[in-house]
Amino acid sequence: MEIRSINAMRGPNYWSVRRHKLIVMVLDLQEMEEYPTNKVDGFGDRLKAMFPSMYSHRCSEGCEGGFFMRVDDGTWMGHVIEHIALEIQTLAGMDTGFGRTRGYGEEGVYNVVFSYMEEKVGRYAAKAAVRICEALISGEDYDLATDIQEMREIREEERLGPSTGSIVEEAASRGIPWIRLNKYSLCQLGYGANQKRIQATVTSETSNIGVEIACDKEDTKYLLEQAEVEVPRGDIIRRERSLKGACDYVGYPLVIKPINGNHGRGITVDINTYEEALVAFKEAQEISRSVIVEKFITGEDYRLLVINNKLVAAAKRTPAHVVGDGKSTIQELIDEVNKDERRGYGHEKVLTMIKVNTLTETLIAAKGYTLETVLEKDEVMILKDTANLSTGGTAEDVTDMVHPANVFMAERISKIIDLDICGIDVMTSDISKPLSETGGAVLEVNAGPGFRMHLAPTEGLPRNVAAPVIDKLFPPGSTSRIPIIAVTGTNGKTTTTRLIAHMAKMKGYKVGYTTSDGVYIQNRLLMTGDCTGPASTEFVLKDPTVNFAVLECARGGLLRAGLGFKNCDIGIVTNVAADHLGLKGIHTIEQLAKVKGVIPETVLPDGTAILNADDDLVYAMRKNVDANVALFSLDENNPRIKAMQKRGGISAIYENGYITLCRGEWKMRVIKAVNVPLTFGGKATFMIQNVLPAVIAAYLKGFTLEDMRVALETFIPSASQTPGRLNLFKFKNFQILVDYAHNPAGMRALKQFVDNLNATKKVGIIAGIGDRRVEDNNEMGALAAEMFDEVIIRQDKRLRGKTEEELIKMLDDGIKMHDPNKKTTIIPSEKEAILHAVKNAKQGSLIVLCSDVVPDALDLVKKLKEEESKELYDFTPDDIPNMPS
């Protein structure tokens with residue numbers, strides 16, 4: 001078996017609009033296509049022996065054991081691999097269960113699709129599942145435990161921590177979108193100008209000076225002392241010679257810790273002799289030069305969590321420990337504690353496994369014990385010197401027990417240190433009494449405190465401490481979103497995108513938009529090339545200056561990784577025509593329509609899907625839409641439009657020469673089509689079709705008819721506003737039209753326009769497209785023969801899997817099918833083809849250049865325009881310098 005490709009979906013996609021995290025593996029079964037599971041001796045038994053827990057997989061049978069029934073009856077290995085990939089993730093602590101296996105369109109090749117929780121784990125599971133299946137087929141032994149542990153470790157490296165994860169989950173539950181900004185804990189909540197950021201539990205609203213103070217224990221203690229907050233007596237030293245005096249001043253027992261340590265690093269507690277203090281001092285100085293020596297306060301360790309100056313949770317923390325039974329060794333007791341199902345690797349469960357490390361051995365040795373020592377019954381052995389859950393500690397929720405005086409103190413401390421989120425560590429014998437009565441003290445104030453102990457305490461009520469963070473970042477009345485208009489279709493989507501962006505800019509919005517030419521932020525081109533995938537979408541949505549997004553979404557990005565957003569306000573589908581068929585498992589126009597249909601399916605319930613009523617496949621998309629639907633048509637008498645109008649819906653039509661909006665049966669004429677420069681005096685009918693959904697979108701966003709009219713009148717088809725879309729250059733004796741038409745549907749639309757142009761001779765420069773079918777390139781050639789008096793065949797820079805000779809033949813065959821006598825010239829270089837056409841241009845002729853690398857073609861035509869006055873038309877390619885060949 002061979003893995004051809006593995007893609008990770010991260011947003012709404014072809015396989016599922018709601019399940020975003022999917023691995024799509026293209027798997028070639030090769031000779032195993034002839035061997036379903038019931039034809040491989042012993043396969044089912046070996047599978048059941050390795051994965052007895054797969055009995056819970058219901059599969060299509062709909063009952064427990066259903067998958068095993070399928071295996072016994074005979075199913076293909078791709079299906080088995082799907083289930084293995086899901087099961088090994090579950091065994092590694094990532095319970096996920098969506099999967100399906102479908103034919104790719106080639107004999108023995110399948111799309112194996114399954115869900116994941118962490119992308120790198122999902123990719124690993126795909127490869128491991130194939131290896132495991134191959135071992136089961138051959139009857140070889142396989143070390144499954146190694147894969148499971150590897151996936152656990154990958155997850156811990158890749159996942160968001162429990163604190164960040166809880167905030168992100170709370171945001172998502174409220175419909176707030178989010179984006180992870182790095183591989184650590186930096187995340188963006190919301191889009192564009194309305195975004196907020198978090199990094200663990202530090203937010204974009206956290207005071208920088210507050211963090212600085214909290215990280216400096218000397219400053220923290222000084223400020224708290226000045227505010228009459230109970231803190232331990234202490235001193236800060238930097239040299240060993242100062243240690244004796246500090247110990248005498250503070251008095252034993254004492255604690256020594258680095259001034260800017262965290263996670264318990266370098267802290268030693270319950271020090272009772274100068275010799276112990278000296279060892280502790282040296283350990284602390286490995287973390288920071290300045291060291292705190294302070295009174296060791298006895299009692300229990302409490303964490304008070306304050307968010308937005310309100311106490312929201314409190315927990316009693318206990319360090320990792322074991323309790324003797326008079327029979328078991330310390331190691332045996334640790335092993336028994338680790339059997340608790342609540343304990344897992346890293347942060348995968350409520351509690352963390354207790355690991356024996358050097359610190360553990362040191363604490364045991366300090367008692368005169370070893371790991372083989374048998375503890376007396378009920379004797380407690382502390383195994384870590386801090387109560388952190390990440391080192392195996394436990395936590396008990398005590399929020400409802402905190403004395404009002406301690407609540408007041410904690411909330412006051414948050415303001416003294418100036419932190420919107422802070423964790424206050426308190427040592428006291430009884431948190432239900434004021435610290436002044438128990439002799440307790442505030443030990444530390446933490447910026448960015450961990451939430452895990454409050455979210456899932458070992459005992460007591462869990463507290464949703466992420467909720468007040470979101471309440472603070474996005475208070476009632478605020479929004480996390482910006483308007484998002486997504487545009488897809490086979491043809492016209494770039495022009496529609498640019499037109500809507502122009503309208504929004506004219507209205508005063510700061511617009512970010514993506515196109516097949518690049519990404520624009522406030523009309524500044526910041527990324528070049530085909531930018532219609534999820535990475536380009538995120539580029540716009542991450543930009544804090546953008547408050548309106550218009551996103552062109554093409555099939556390639558959707559199939560490669562899904563959409564770069566979860567929901568949009570308006571989704572537009574211009575049309576669906578045969579294009580790129582035969583690629584990435586999409587072989588029919590119906591499958592292509594399903595890809596494009598992802599866009600309207602992601603429209604928010606109170607948003608609108610704008611669909612082409614003249615296109616059967618697009619119109620059918622309304623059935624899967626959970627939002628409002630608006631329609632557009634070039635035919636005002638289209639029955640679908642009439643039905644929409646009777647229902648009181650919104651539509652846009654071309655009637656009596658007008659671009660017209662309709663609300664119900666009421667007509668609002670926006671502008672005459674002949675007055676819209678984009679339509680070339682109404683001659684470019686396909687451009688009128690692009691205008692119709694744009695005016696609906698503008699109307700839905702509250703633009704007035706006058707707003708639309710002004711925008712349409714100022715949107716000029718040109719190399720700057722619509723590069724490669726009907727860019728007409730007028731020379732003294734001829735004209736050159738540059739257009740991106742790159743598929744049969746686009747060529748037919750272009751033909752309709754060119755047929756309306758007067759010219760003594762029409763010359764077309766065309767190229768074959770390597771990732772189109774033979775019949776598509778044949779049709780392109782036939783259309784060119786019908787459109788032009790003379791055809792020049794050039795070649796694209798990107799052959800996309802075909803040879804130059806193959807592509808030229810496909811076009812030439814198509815030309816001959818229509819007219820065997822059509823004058824045809826083959827000039828592979830685009831530059832030379834253009835120069836040849838210009839040099840031989842007749843008075844009043846029209847040269848039509850169909851180019852896929854638009855910037856190169858436009859640069860050359862502009863250069864020719866500049867050189868026109870020098871009358872350099874008797875030239876060779878070398879006469880036009882610095883132009884692409």
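Author: What follows sets values from the structure against the cut-offs behind their labels. The model is a predicted one.

Reader: What makes the pair of Tyr509 and Phe703 stacked?

Author: The ring centres of Tyr509 and Phe703 are 6.3 Å apart and the planes stand at 20°. Rings pair if their centres lie within 6.5 Å, and planes under 30 degrees apart count as stacked. The structure holds seven aromatic pairs.

Reader: How do you know that this pair links distant parts of the chain?

Author: Tyr509 is in the loop between helix H17 (493-506) and strand S23 (511-514). Phe703 is in the loop between helix H24 (685-700) and helix H25 (705-714). The two residues are 194 residues apart. Ring pairs also bring in Phe548, which forms a cluster with Tyr509 and Phe703.

Reader: Why are Tyr509 and Phe703 put into their accessibility classes?

Author: Buried means under 20% relative accessible area, and partly exposed lies between that and 50%. Phe703 has 6% relative accessibility, so Phe703 counts as buried. Tyr509 has 28%, so Tyr509 is partly exposed.

Reader: What makes the charged end of Lys48 one that sits over the ring of Phe68?

Author: The charged end of Lys48 is 5.7 Å from the centre of the Phe68 ring. The distance limit is 6 Å, and the charge must also be within 35 degrees of the ring normal. The distance of 5.7 Å is within that limit, and Lys48 is listed as sitting over the ring. Arg131 has its charged end over the ring of Tyr124, 5.6 Å from the centre.

Reader: Why does Leu750 count as buried?

Author: The relative accessible area of Leu750 is 0%, which is under 20%, so Leu750 is buried. Leu750 lies in helix H26 (residues 744-754). Beyond neighbours within four places in sequence, its contacts include Phe686, Leu726, Met787 and Cys850. For the protein as a whole, buried residues make up 55% of the 885 residues.

Reader: What is the phi value of Cys59, and why is Cys59 called partly exposed?

Author: Phi of Cys59 is near 55°, a positive value in a residue other than glycine. The relative accessibility of Cys59 is 27%, between 20% and 50%, so Cys59 counts as partly exposed. Cys59 lies in the loop between helix H1 (43-50) and helix H2 (66-73).

Reader: Why is Asn309 put in its accessibility class?

Author: Asn309 has a relative accessible area of 24%, again between 20% and 50%, so Asn309 is partly exposed. Its phi is positive, about 65°, although Asn309 is not a glycine. Asn309 lies in the loop between strand S13 (300-307) and strand S14 (310-318).

Reader: Which peptide bond is cis, and what is its omega?

Author: The bond that joins Tyr252 and Pro253 is cis, with omega about -5°. Pro253 is found in the loop between helix H9 (243-250) and strand S10 (254-258).

Methods. Residues are numbered from 1 along each chain as its sequence is written. This is a predicted model: local features need pLDDT of at least 70, side-chain atom pairs count only at pLDDT 80 or more; totals for chains, interfaces and linings use all residues. Side-chain values use heavy atoms; hydrogens and water are left out. Rings of Phe, Tyr and Trp (its six-membered ring) pair if their centres lie within 6.5 Å; planes under 30 degrees apart count as stacked, over 60 as edge-to-face and the rest as tilted. Helices (H or I, at least four residues) and strands (E, at least two) are DSSP runs, numbered from the N terminus. Buried means under 20% relative accessible area, exposed over 50%, partly exposed in between (1.4 Å probe, protein chains only). Contact means heavy atoms within 4.5 Å.
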